[in-house]
Amino acid sequence: NGAVFSKVRGSQSGHDSTRWHVVRKFLGLIASHNIPVYLIDPLILGLVDKDIEQIRSSPDGPSPECKYFCAPRDFTTFALLDKTWKHEVGLFRTAEKMGFQWLKIINKDPRLDGMDDLSGIEIPLHYIFKLASHAIHLVVFYERSGNYLWHGPLRLKQHADRKFVPFRKLHFGRYPGAYEKPELLLVSIDDLKVQIPKNPSSFLEEMSHSRFLECRYREARAFFQLYPDDASLDAVEFRKKAKSLLHLAALTLNNLGVKFWLSSGTCLGWYRQCNVIPHSKDVDLGVFIRDYKTDIIPAFQKAGLPLKHKFGKIEDSLELSFQGEGDVKLDIFFFYEEDDHIWNGGTQAKSGKKFKYLFPKFTLCWTEFVELKVHVPCETLQYVEANYGPDWKVPVKMWDWKSSPSNVQYNGVWPVDEWDDVIQIY
Amino acid sequence: MDEWKPNPAIKPHKKRSWYLAWKYKLMNQRTLRKLCQTGAVLFLLVTVIVNIKLILDTRRAAYEEEEESAQDYDDELLNVEVPRHPVSNKKVLDVEVYSSRSKVYVAVDGTTVLEDEAREQGRGIHVIVLNQATGHVMAKRVFDTYSPHEDEAMVLFLNMVARGRILIFTIKDEGSFHLKDTAKNVLKSLGSQVAPFLSWRDMWTFVGKKGGELYGEKHAKSPALSTWGDPVLLKTEVHLTSVEDAECRWPDTELNRRRKRFCSKVEGYGSVCSCKDPTPIEFNPDPLKDNKVFDVPVAVIAGNRPNYLYRMLRSLLSAQGVNPQMITVFIDGYYEEPMDVVELFGLSGIQHTPISIKNARVSQHYKASLTATFNLFPDAKFAVVLEEDLDISVDFFSFLSQSIHLLEEDESLYCISAWNDQGYEHTAEDPSLLYRVETMPGLGWVLRKSLYKDELEPKWPTPEKLWDWDMWMRMPEQRKGRECIIPDISRSYHFGIVGLNMNGYFHEAYFKKHKFNTVPNVQLKNVESLRKDAYETEIHRLLGEAEVLDHSKNPCEDSFVPDTEGRVYVMFIRMEQEADFTTWTQLAKCLHIWDLDVRGNHKGLWRLFRKKNHFLVVGVPASPYSSKKPSSVTPIYMEPPAKEEGAVAVPAVAAAEQT
């Protein structure tokens, strides 16, 4: 009944029947090739979210008006899970027959990027199907180690047609992104049957900070050329323990909904060598103090990680240490935001001395580390340089947390009467 | 051939001359031989040893050379890249072919497509196949027709080349000694006028079209046995046909488009490129019910043996329950032809820049392939690892589907392998039977992700350690007492005879007679009894039921086992401690099974079949099953041969690995 529908729509001002038609044709195209796509267009999902209850309750009901797919836009964005389809030329031939012009954006497969000298694999990251004045942006999502989905950046190669569509207006592709695997829901909106994320608002929330940073594999390889990796049994063992500790910590904090990032030596290891630094002896995480929850300590204890020490208090310089398996320690530093910087605190147990570590402001990005999707500061270089100085590229085995960091400041002494509270050692 | 007179003074190849000299002396002096028969026997013995060594050397040399020339091929293809367009628009190709004692080359339109002036290498007839429409090199081979049987390989190859292709021949050094009439007739049928008369150390070049024109031929006769013919340089022109004429008219389908791309690029794959009746490239074997390994990634480890890879992938894609989307072929090096094969079958392939040399190169390639596999399939708990020189049994996936849960649940397992080291035609019988063994056979196996990620990957041997990956995996530090599950009848067959640690002799002796299951849908027996503790119960039950053989007889003799079927027999051999395999090795030798190192044992017990009876061998007193030995029975001891004899029986390949 599309034709009927378009008449109705045609009478309404500000509506774009072309868009609706193109989307319908596209859905027909991919259905004919059994390719499951889902809608991730943020503008439409925003509208859908407002009516989500109604849409859920009437999955088949005819629409009285075209509410979602008729707003005049250049694009409508869909997602495709790579593993659910086989790259076949047949799709493009059918698309052409239907009048679509299409563009495929390929690039290196990041899942193999971390590896020495593999080639032959470029994977499709984005497709654009254009018909008349409207284009469908199809973003390809890949499953990666760490149980998450990844989409690539959209970068045009030298001879690509830069005017194929107004690329700058695309909602996806400025950066690569990381997402949880979404639960999908089949709905009927504007008389089109389409899959959407079951919870559009949480998808949109996720989208707003989905930016993903790839590890710097090439630099890491260069680092190991210069400083060959420690392949001793001890190093192998430590890395294994650090990895499982990090996995356990991530699970625990994620369950509590506490956002965290790789900090200090763990962050340096990721940034410099894409791996755990074998002589670092602990795992360091950062958490904004506003995300602090009292459940943290019991949750870790329940996970088999007893509290080792607690320094500071919520208002000032809070720091928690948990004892992992086999002498590997988990340090959680709480970060305090000021107008022009962010800091965390340190405490020397025997003297009650306080220290302060200053960082320039940063935002959080996703990355993959030891088969885990975790946050790191997006502005990693500034973060690492603040902490380790300009020579962070040179491995240092002797590290004194009170004097070595280049961003450390002496911050006075805890009043003696507070010691019982701010210096707890178990 | 009439002119040929054996003359020890002539040295066609320094290395081999003394051997040849002896051989021919032996043939001519028949009267003498009667007088010194014992001497002759000794001679024969020496000849055998030398022969073996010679075969080994030649094979090794041939392999290295193949690698070398393949390397050249890459570079040249890059060069060919440039004139590609001019070539395809032009109607005429200039071809230059050079033949001489120490150097051959072929240039097409000024681009060198073959150049070989390496010493002691590349002897024989070099063959190049060009596409008659584009002028592209489609195949490049060298057949050392100075040596036996190479002419047969050449005939096979030439027969596979499609009609209309342009063939270029040139001889380096010597190419006639073992060029028999059949081969000469084939060359003649291709239009050569000289081939039937080619003789010792003649130089020869020839350009022709298969089934058609002769474009040119030049020949220089060797004036005397001790010298070579003068170098010859043939310059000729070849008229290109239209692309349409060079291609078959297959219906325009997705599959045929792949076929077309493949067949216009490479030659030597036989009926896959046949115009009339091309062999299928999609197989659609029956799916497996309740397939537990449908989502398990399959890594195919490959080098530059595209013909092997072709055979391997055919059998893999024909196996029931195969899921082509899970298959990735990892090619060690930037070789085009293996990639062409991968694309022909619509699979995905990844090339890997070679790191290190020889065994370490293979080892690094394995690591990269395994890591990539788990990166590409992050959900996978296992990976199936295959090599390019294996046939895959029709019930390979069915076998794995029925057993994979054991690898998931039983921590004492190291792997599941499709290969039984001791499963020869005469020692394997029951396709439904599985064993637990302490050795890791490889050759088609399943790797647990956690084992790889947590244990193996972090300490994988680095490139400077020239280790075999499989030997390393067999070391106690890695295996940690864990065992592998194997079938009695192997689900893979090792057909490769050219390889890093492989040659014809070795293959004949240890791999050719391996049993390979061809029965589909075999229902495995008693899979649950393969779990750690259950297996002990099972073994005790078996030993309890087994009849003790007559230990006064010679275990090597056929009569050692009664002429029955379906019975269970046990014998006891001497095995002083866990690592004492003296008697076992001798027994393995006389039973003609794997004896180069110890394989297939489980706590000092070996299980195999003899005359269709289950045959158990227990090492006493080291094995915990020694208690089953009746006190009246004395374990059999077999002495290793004396040192010198040992040197004869175990040739230089003793250390060779079955990769």
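**Exercise 1. A loop residue in chain A**

Find the loop that holds Asp190(A), and decide whether Asp190(A) is buried or exposed.

*Solution.* Step 1: Asp190(A) sits in the loop between strand 9 and strand 10 (192-197) of chain A. Strands here are DSSP runs of E with at least two residues, helices are runs of H or I with at least four residues, and both are numbered from the N terminus. A word on the model: it is predicted, local features need pLDDT of at least 70, side-chain atom pairs count only at pLDDT 80 or more, and totals for chains, interfaces and linings use all residues. Residues are numbered from 1 along each chain as its sequence is written, chains are lettered from A and ligands numbered from 1 in the order in which they are written, and side-chain values use heavy atoms, leaving out hydrogens and water.

Step 1: Asp190(A) counts as buried because its relative accessibility is 1%. The classes are buried (under 20% relative accessible area), exposed (over 50%) and partly exposed (in between), with a 1.4 Å probe and protein chains only.

Step 2: the phi of Asp190(A) is near 50 degrees, a positive value in a residue other than glycine. For context, most residues other than glycine have a negative phi.

Step 3: turn to Ile189(A), which lies in strand 9 (residues 184-189) of chain A. Ile189(A) is buried, with a relative accessible area of 1%. The C-alpha atoms of Ile189(A) and Val374(A) are separated by 35 Å, and the two are 185 residues apart along the chain.

**Exercise 2. Another positive phi, and a cis bond**

Where does Cys274(A) lie, and which residues does the cis peptide bond join?

*Solution.* Step 1: look in the loop between helix 9 (264-273) and strand 12 (282-288) of chain A for Cys274(A). Its phi is near 55 degrees, a positive value in a residue other than glycine. At 19% relative accessibility, Cys274(A) counts as buried.

Step 1: now move to chain B, where Val620(B) and Pro621(B) are joined by a cis peptide bond with omega of about 5 degrees. Pro621(B) belongs to strand 24 (residues 613-621) of chain B. As background, most peptide bonds are trans.

**Exercise 3. Salt bridges**

How many salt bridges does the whole structure hold, and why does the pair of Glu254(B) and Arg93(A) join two chains?

*Solution.* Step 1: the search over all chains finds 59 salt bridges. Each needs a side-chain nitrogen of Lys or Arg within 4 Å of a carboxyl oxygen of Asp or Glu.

Step 1: Glu254(B) and Arg93(A) meet through their side chains in a salt bridge (3.7 Å, N to O). Glu254(B) lies in helix 8 (residues 254-263) of chain B and Arg93(A) in helix 5 (residues 89-97) of chain A, so the pair joins two chains. Glu254(B) is partly exposed at 35% relative accessibility, and Arg93(A) is partly exposed at 30%.

Step 2: for a pair within chain B, take Arg541(B) and Glu545(B), whose side chains form a salt bridge (2.8 Å, N to O). They are separated by about one helical turn, because they are 4 residues apart in helix 17 (residues 532-545) of chain B.
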